[in-house]
Amino acid sequence: MRLLMRTILLSGLVWAAGLGCAGEEPEVSGKAETGQGEVVFPPSEFFQLGNHEGKVVDLRDFKGRIVLLNFWATWCGPCRYEIPDLVKMRSEYETDQVAIIGVSLDQGDDDQVQPLLSKFIERYEINYPIVHDGRHDLVRQFVRGSSGSMGIPMTFVIDREGRIYKMHMGVPKDSKGKINPRGALSEDIDALLSRS
């Protein structure tokens with residue numbers, strides 16, 4: 001019986017990990033595949049956000065790097081599934097070449113969410129900046145329409161010029177169609193690094 005319950009639970013997790021937490025696929029500003037769209041990073045507005053310690057992170061400091069901008073929330077199972085891969089990836093690339101930035105969409109004021117984020121960061125040993133976008137001001141710079149209809153996790157791969165190279169809705173899949181955040185995002189990063 002326990003084996004059956006574990007199998008059902010694991011199947012549900014894999015299913016959820018492939019789909020993301022909720023919502024429909026949003027319209028994306030810029031051209032997600034070709035990287036030839038408008039410059040969207042750093043955004044012209046809402047470029048300063050608070051982190052889990054209450055310090056301001058200025059997204060303009062990451063200009064000129066390849067950026068993985070990962071929108072997620074602490075309550076999102078698929079987000080928790082992909083975070084360990086992002087942690088591993090942080091140590092695989094030079095910080096002056098590639099930036100990984102997590103953007104928490106947990107709702108609430110910074111002073112309410114910061115303790116939750118601190119515990120989460122410690123538990124998952126997150127080694128990249130996490131900022132809080134509780135009012136969804138930043139995510140609205142990247143998706144059109146209501147932020148309430150989007151799904152997470154959602155990761156934008158941004159080239160050195162600040163244009164969207166690719167957008168992954170849900171847990172990223174590699175070129176073979178397998179759920180593989182590290183593989184899929186590394187493919188994107190390596191393609192952009194080879195352009196230099």
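Trainee: What makes residues 56-58, with Asp58 among them, a strand?

Mentor: Strands are DSSP runs of E with at least two residues, numbered from the N terminus; Asp58 is found in such a run, β3. This is a predicted model, where local features need pLDDT of at least 70, side-chain atom pairs count only at pLDDT 80 or more, and totals for chains, interfaces and linings use all residues. Residues are numbered from 1 along each chain as its sequence is written, and side-chain values use heavy atoms, with hydrogens and water left out.

Trainee: Why does Asp58 count as buried?

Mentor: Buried means under 20% relative accessible area (1.4 Å probe, protein chains only). Asp58 has 13% relative accessibility, so the residue counts as buried.

Trainee: What makes the link between the side chains of Asp58 and Gln48 a polar contact?

Mentor: A polar contact is a pair of N or O atoms within 3.5 Å, one able to donate a hydrogen and the other to accept it within protein; residues adjacent in sequence count only if both atoms are side-chain atoms. The pair joining Asp58 and Gln48 lies at 3.2 Å.

Trainee: Which residues is Asp58 in contact with, leaving aside neighbours within four places in sequence?

Mentor: Phe47 and Gln48, where contact means heavy atoms within 4.5 Å.

Trainee: Which residues line the largest pocket?

Mentor: Gln48 is one of them, and others include Phe46, His132 and Arg135. Lining residues have an atom within 4 Å of a point on a 1 Å grid over the protein atoms alone, and a pocket is an open set of points with protein on both sides within 12 Å along at least five of seven lines.

Key. Helix = DSSP H or I, 4+ residues; strand = E, 2+ residues; numbered from the N terminus. Buried < 20%, exposed > 50% of the residue type's maximum accessible area, 1.4 Å probe, protein only. 1 Å grid on protein atoms, 1.4 Å probe; cavity = no way out; pocket = protein on both sides within 12 Å on 5 of 7 lines; lining within 4 Å.
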